[in-house]
Amino acid sequence: MGLSLIRGAGLGAAREGDSSRMTVADLSPETLYRLHLDEVYRYVVRRVAGRTEAEDVTAEVFGAAFAQLPKFRGGSGVNVWLLGIARRKVADSLRRRSRRRECLASEMAADEEALEALLGAAGGDGPEALARRAEARRELRRIVAGLREEQREALLLHYVEELPIAQVAAVMGRSPAATNSLLQRARAAVYREGRAYFVDEAVEEGVI
Amino acid sequence: MSEERNEEKLKEMLGEAYAAADAPDGLRDRVAAMANSIPVGPRPRRVLPPRLALVGALMLLVGGALAFRYLFNRPGETAIQLIPADALIVATLDTNPSPAQVPLYARIEKAMQNRGVAGKAEAAIGKLVEDSGIASTLRPYLGHNLALAILSTGGAPKEMFDGAVLLLELKDRAGAEAALKQRGRRAFEGSLTYYRLGKEPYCVTEFGPYLAITQKPALLGRIADVAESRVPSVATLREYQLARAELPEDANLMLFVSPAALSEVNEKSKTIGVNPLRHTQWMAASATLRDEGVQVDFRVPVNDPRVHGGPAPLDEQLLHKLPAGPYGIEAIAQPAWYWSSSEEKDAAELRKEMGELEKQSGLNLERDVLPGLQGDVVLAVYPAEGKEASVDGLVVFSDAHGADAALLAEKVRGAIERATQENGKPGIRFRSTPSATGAVWHLDGDTAKGLREAVHDAVGEGAQAASPYELVHATVGKAVLIASSQSMLDRAIAAWSGGARSVADDPSYPLVQTKSVAQAQWLLTVELHAILERLRPYLKKEMDKTDPEDLVRLFGGEGSALVVSGRFDGQLMKGTLFVPLEYERAVNLLSGPGW
């Protein structure tokens, strides 16, 4: 799976072209969406109910970003700035739909087949192993959905969007220490609830 | 050690559990269209140290939304700050979308991309301007926003457009400057440098982010005076500010006719003797793209010391009492008010004519007629029941505001019968039959026959063959309903009495409610989609190169309607026109082979 996230300090190193030397003055709406559309879309689709809604919310994110671009000074990374906007737009969307709790678990579960295709899991594992992995994914999503919202967000930003703790903190508007503490509690809760997957014996027996 | 292994495992599992694909192509196109609609310009530079920037930010907070609107989002509107306050007419065009318009712009862009319209339009414009020195030289550096001003030059009306100054948004100021220097001939107006291109009579120069084009160099000097704060701009005019506050924030096209222009019209009309605008201070109008169509707003303040307040609003229940499913409705509240407040009614000539009319009819206007016209008057057109491609008409004189239209109808019937008598022979006669709600009146047999023959003579054989119309009317309480057929009258009586579906049950009613001004005194609705649907067979036959569906659905489907409404409160006339539009259909039509 290629998550291909854009990380780094300042403007965020871009993944294509000679973008390491890019300055905030070089940022045009076109550059913005070319470099960050996939990242933002994936962030959104993981959090809202349905792909159509995800597309609408992503469009809203870029609409807001284009409008704010002249004021953006690059104090935080572009990806942090965009994910901050995306986080607010996702919250608006969930508020509109009043389905905050169910979207992460149920929506992702409904896409299990698409997920299989995306992961290319048919490549080597037998049917039994595939079934075990699918079950593990469902179980993990159930556990994550049961976390407090802030813990869940921190966990996904850090491990799925692969942001370092400082950027997770910036996106969430918290201090790095508070974010680290959130993450620790989130991890502990996941290990506790999902001990079948995380105790050493389970790993060694190849349950997952 | 196990903590590290667990964290790796957690990362791997979460990555799998929340894997997601890249953005789909449709979304990529949509966001690309949004990006393309954002004008590219220089980014504002931060030149202030942080503390001063903080003070500046606080000051900006005071100017808040206004500053943002003027400085960043609306280059066309911002350009009025370069137009002198004595301008006669100012028009601005802003094509940048407001946040609420972003999805609509994306829709239009997508439709244009799908049909390849953008390229075609670009090519067509290129061809159109290839002979024009200015247009072909400068087009690559221009944005899509502009302002047009007509400045007073003291000339006769036919020379008025000599005062035109066009301010075009520059998206590449440096490029435009270089092109002017390279291809233009330099000239001077006082200390101002401007350019002429080719043999064209236009003078061109740049003012900050705008390119000014006009025929008279002196007008550029007047723009320079405003730019250098020697004279005030239109934006400082109280009337402009009042007008602007009345129009939608995100209006795309705005027009302002200034007090100076109306004063000129007033002066010139003295020689003609007629000036309907003599009490008007300024006029403003705007057009705004909305999701469901185009909204046009207009505002006209009237300062007539003889007029206090306006007519009463239309009866709130009016649309609940008209039968469902009209093609269109026109309603006007208290027509009697317009006569009472009219200045012309005191004119000697008109009084004489009215006296003659009163003598012939035996009806006194103020005693007999006006009391019956204190309610709402409605003219409506409906599809005729059971008759393909045929329509029925309905006229209603309502009993709102204590109006006694039934009494007026009785007096008018009497007047018609008296007036059409000749040499003791009866003319037009009416016969009545009682009904549960009042009475129904028909023309008597001989009169109806005579009328049919008259229609035949006027319209021809085909019209007579169909012969669907007979004039019938009914009184329901103090209201009068006049219809073009008995079936239409039956529907109207049933709806007026609350026993049948009304316009308020139609799918377009919510739109009519939201798109008309509050407490409207006049209202026009037209169900364009229903009319076009009825014309579908003809369109299909006639339009071999165009998909008739695009035309039939151009103005939306069920639930959409053209809505015009207005209100006058004694000081300000406020009106709105809403034209429903399916933009994608419009793009299809414009890009079709028929064009």
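Contact here means heavy atoms within 4.5 Å of each other. The structure is a predicted model, in which local features need pLDDT of at least 70 and side-chain atom pairs count only at pLDDT 80 or more, while totals for chains, interfaces and linings use all residues. Residues are numbered from 1 along each chain as its sequence is written, chains are lettered from A and ligands numbered from 1 in the order written, and side-chain values use heavy atoms, leaving out hydrogens and water.

In chain A, 65% of the contacts between residues at least 6 apart in sequence join residues at least 24 apart. Chain A has eleven helices and zero strands (DSSP runs of H or I with at least four residues, and of E with at least two, numbered from the N terminus).

Turning to the meeting of the chains, the axes of helix H6 (residues 127-145) of chain A and helix H1 (residues 2-17) of chain B come within 9 Å and cross at roughly 95°; axes are lines fitted to C-alpha atoms over the stretch in contact, with angles from 0 to 180 degrees between N-to-C directions. That makes H6(A) roughly perpendicular to H1(B), a label given to angles of 65 to 115 degrees. Among the residues that meet are A:Arg137 and A:Leu140 from H6(A), with B:Leu10 and B:Leu14 from H1(B).

Notes: Parallel < 35°, antiparallel > 145°, perpendicular 65-115°, else oblique.
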